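Dear colleague,

Please find below the structure that I am handing over to you. My notes on what was found in it follow directly after.

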Amino acid sequence: MAKKDRTRGRMKWPLTTVVGLGFGAFVALAIGLVLGLSVMANFQNTFSLLNDKAILSTQALETRLRTHFRSVESAVVGLKPYFDDDTIGFSNPEKTLEDLSIAMKANGDLSTLAVTDLNGRRLGIFRAPSGKLWRISTDVPPPGMISDGIPNLVADSGPTWGPLVRHDVGLFANVSVPITRNGQVTGILTAATSMEDLSHAVSAQDEGANNTVFIISGDGKVIMHSDVNWLQTGGSIKDNLPSPWRSAGDPVLAAMANEQRLNEFEKAAELGIEVSFVEAGGSEYILMKGVLEGFSDEAWIVGQYYRGVTVSREVRRLAGSMFVGFGALVVSVLIAFWIGRRVARPLRNLAVQSRRVGSLSLNEVEPLPRSRVAEVDQVALAFNSMVEGLKAMNTYVPRSLFIKLMRLGGRGAADAREAELTIVFTDIVGFTALSEHMSAEETAGLLNDHFAILVEAVESEDGTVDKFIGDGMLAFWGAPDARPDHAAAAVRTVRRIAAALHKANEQAVEEGRPRLLLRVGIHTGPAVVGNVGALDRWNYTVVGDTVNAAERLQTLGREVAGDAEVTILASANTVAQLPGERNLRRAGEHLLRGRSDPMEVYWLDPFPAAEPAQTAAEDLPVSAAE
């Protein structure tokens, strides 16, 4: 009773209230902790995404610029051998101007392409802003070339970028290579590109009214600006370029003198991208800058700036989510488990299928199922469409080439370069006459079966199928993977083809279908291999006299072959790299079309015997084409 008395004057709490308040306090504490941690993580994630945006956008800008300048550089590098061996030059000005015109038409990034000898004589082509090509045959420096004479280069100098050149028609960047003969410099080949044309190309990087892209030269002058006609702060600077960044007329660039570094962008800073805050015209701007080297005598600053609202908008949205989170978290706890399972299932499936896409095992990729969750459904639709697109593209681009380039990595893996390769050309004998008696479906089916044999043999020896030309195939070894045994691999491939074709012909005879006879030409030598094309029409291919010689050898097969099932003609260059080869016979020297000197040709046995055959014991008759 005393106990009761002692408690009689105290306030009594119902059990439901105690449990409710206790549980509520526990939930409130849990919600507070979770929400606090979530807000901290979201702030970190937000600035991480902004870091990524700074990195990706700046690197994309640098990539676009490097692609443009590398295109200009490749023009002089590709033409240099023809000037070195006097295929083109001052000895034949008309042909030189015609060839330079062709090069200009093939490369839209070029504004000027000219050659200058040590006496100051000059031949070249200039592309006017209207697009018209003008011939240069005077000693007056054309747009893009300095007036103080030719650059000071030595015989082993690589592509050398000079200082920016101001001309009446605009501002130009230029690159030069020496023309050499017998180890001595005889002239300079120079290519120039208009910075105004580059401005149009880089404007595609501009993300709209809240974004501006710019380039500042090493001496502090603005040489390119994506918004020359309309600034974010109002006004225009079109007539002021090039001009020092402090006085060019863009208040945002002028405000760089008082910029404030943003320490939150540590990831970008590690990659050499500086992110800062500036205030101009009553507005706030986020400025991103990086350094671009190698395309002038001084390094450039490439950058862009955004209105600050693009960042503050994300921060305000994050702050608003804090308040919404208090109410949403209670409900989300109840349904999180159910939603989590429903969302996780397709995401797990997406991860599995993505790994298959990453290994280019496209035929093993299973379509993602549709979902009632809109975002997941959009991901499924986009993923399925992507896979179908990759399958369609893989129909035209060899999967083996994809894998090789991915394994080599880097932009330079597909850059055009000269390398020693072994080229193989094949052609079906009399296919035109054969196809006249076949329907379109039968013709396509016959070619598809035949090409399947060729592709399987080429890929089995790590070769690259360049293209199919009619009923023929062009393949090569030695690129993109460098390998010393490219000639031996090509010969093994051709013999694999011969064995597979023989087996297919036996089956064709049993089924009453015609047999196929095949001619093959093999030649080894230097060729240009890599990306060849312009704009978005690029093709990883091989070009050069070595390719033409292989095709001529294949054609020569009709004159020395007779009715053999497979005729393989190889050049002496190829045979020289086959020291252990015994299954061959000399076919004599032949003057191939388009070549000034005869080529020594060998006939390779497509079906080598187990015992070594006699070497050169029996020569084939020399063609009348000699």
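**Salt bridges**

K95 and D99 are four residues apart in helix 3 (residues 93-106), which means that about one helical turn separates them. Helices here are DSSP runs of H or I with at least four residues, strands are DSSP runs of E with at least two, and both are numbered from the N terminus. An α-helix has 3.6 residues a turn, so residues three or four places apart point the same way. The side chains of K95 and D99 meet in a salt bridge, with 2.8 Å from N to O. The term salt bridge stands for a side-chain nitrogen of Lys or Arg within 4 Å of a carboxyl oxygen of Asp or Glu. K95 counts as partly exposed because its relative accessibility is 31%, and D99 is partly exposed as well, with a relative accessible area of 22%. In this scheme, buried means under 20% relative accessible area, exposed means over 50%, and partly exposed lies in between (1.4 Å probe, protein chains only).

Before I continue, a word on the source: this is a predicted model, in which local features need pLDDT of at least 70 and side-chain atom pairs count only at pLDDT 80 or more, while totals for chains, interfaces and linings use all residues. Residues are numbered from 1 along each chain as its sequence is written, and side-chain values use heavy atoms, with hydrogens and water left out.

The structure holds 20 salt bridges. Another of them joins R519 to D427, the closest N and O atoms being 3.1 Å apart. R519 lies in strand 18 and D427 in strand 15 (residues 417-428), so this pair ties together parts that are 92 residues apart in sequence. Both R519 and D427 are buried.

R492 forms a salt bridge with E461, where the closest N and O atoms are 3.0 Å apart. This pair also links distant parts of the chain: R492 belongs to helix 12 (residues 486-510) and E461 to the loop between helix 11 (440-460) and strand 16 (464-469), 31 residues apart. R492 counts as partly exposed because its relative accessibility is 37%, whereas E461 is buried, at 10% relative accessible area. Salt bridges that share partners join E461, R483, D485, R492 and R496 into one network.

**Backbone features**

Most residues other than glycine have a negative phi, and most peptide bonds are trans. Which peptide bond is cis? The bond from A479 to P480 is cis, with omega near -5 degrees. P480 is found in the loop between strand 17 (472-477) and helix 12.

N182 is not a glycine, yet has a positive phi of about 55 degrees. The loop that holds N182 runs between strand 6 (170-181) and strand 7 (184-194), and N182 counts as exposed because its relative accessibility is 78%. D462, likewise a residue other than glycine, has a positive phi near 60 degrees. D462 sits in the loop between helix 11 and strand 16 and is exposed, with a relative accessible area of 51%.

Helix 13 has 16 residues and reaches 22 Å from its first C-alpha to its last, close to the 22 Å expected at 1.5 Å a residue; the expected span is 1.5 Å times one less than the number of residues. Its buried residues include V547, A550, L553, L556 and V560. T555 has its place in helix 13 (residues 545-560) and counts as partly exposed because its relative accessibility is 22%. The C-alpha atoms of T555 and V429 are separated by 9.9 Å, although these residues are 126 apart along the chain.

V528, V532 and V543 form a nonpolar patch on the surface, with about 180 Å² of accessible area together. Patches are made of residues with over 30% relative accessible area and no salt bridge; like charges are joined within 9 Å, and nonpolar side chains (Val, Leu, Ile, Met, Phe, Trp, Tyr) within 5 Å. Accessible areas come from the Shrake-Rupley method with a 1.4 Å probe, and for residues only the protein chains shown count as cover. V532 lies in strand 18 (residues 518-534) and counts as partly exposed because its relative accessibility is 35%.

**The chain as a whole**

The chain has 14 helices and 22 strands. Of its 626 residues, 42% count as buried.

With kind regards
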